Amino acid sequence: MRYFMSIIPPADLKAEQVPQSLMDAMGPWMEKNLSTGALVSTGGLKPASEGKRLGGHTGEVVVTDGPFAEAKEVVGGYAVLEAPDLGAATALASAFLQLHIDNGLPDVVLELREIAGGANY
């Protein structure tokens, strides 16, 4: 089964504040999990100020440039995981979060949800 993991850093965290030790630790973690197939895809997201939001509540497509309304939680990255069940996906996500804790970023929050179908499934 595939799981989508949202990576939610502290709202005020800047890219230059991410410890190099975390980046160094994530490399081997990603390589290992990519090679086993447990990690399908991952990436960081540019700031909301560089994005667009699309909505259709008016009956037409409306495009709004970022930044958007202040939010306490903003997704900063994602990972797609492959695991036999939610318990195994949770263990994988826990190891990923532990890398952050061990390298000085304990305030990162992860949200883990099973992907229900889709084109890549």
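The model is predicted. The chain contains two helices and six strands. Followed along the sequence, these elements are arranged in the pattern β-α-β-β-β-β-α-β. The C-alpha trace spans about 45 × 35 × 20 Å along its principal axes.

**Helix packing**

Two packed helices are described by the angle between their axes and the distance between the axes. Here helix α1 covers residues 20–36 and helix α2 covers residues 86–102. Their axes come within 9 Å and cross at roughly 160°. Angles over 145 degrees count as roughly antiparallel, so α1 is roughly antiparallel to α2. The crossing in which α1 passes α2 is right-handed.

Which residues make the contact? On the α1 side they are L22, A25, M26, W29 and N33, and on the α2 side L92, A95, F96, L99 and H100. By type, the residues of this contact divide into eight nonpolar, two polar and no charged.

**The largest pocket**

The largest pocket has a volume of about 1,100 Å³. Its lining consists of 36 residues, and P9, L13, L45, V75 and G76 are the ones that lie nearest the centre of the pocket. The table gives the lining by residue type.

| Type of lining residue | Number in the largest pocket |
|---|---|
| Nonpolar | 24 residues |
| Polar | seven residues |

The largest share, four residues, comes from α1.

Note on methods
Residues are numbered from 1 along each chain as its sequence is written. This is a predicted model: local features need pLDDT of at least 70, side-chain atom pairs count only at pLDDT 80 or more; totals for chains, interfaces and linings use all residues. Side-chain values use heavy atoms; hydrogens and water are left out. Axes are lines fitted to C-alpha atoms, for helices over the stretch in contact, and angles run from 0 to 180 degrees between N-to-C directions. Angles under 35 degrees count as roughly parallel, over 145 as roughly antiparallel, 65 to 115 as roughly perpendicular and the rest as oblique. A crossing is left-handed if the near helix is turned anticlockwise from the far one by less than a right angle, and right-handed if clockwise. Contact means heavy atoms within 4.5 Å. Ala, Val, Leu, Ile, Met, Phe, Trp, Tyr, Cys and Pro count as nonpolar, Asp, Glu, Lys and Arg as charged, and the others, Gly among them, as polar. On a 1 Å grid over the protein atoms alone, a cavity is a set of points where a 1.4 Å probe fits but cannot get out, and a pocket is an open set with protein on both sides within 12 Å along at least five of seven lines; lining residues have an atom within 4 Å of a point. Grid points are joined across faces, edges and corners, and a volume is the space filled by probe spheres set on the points.
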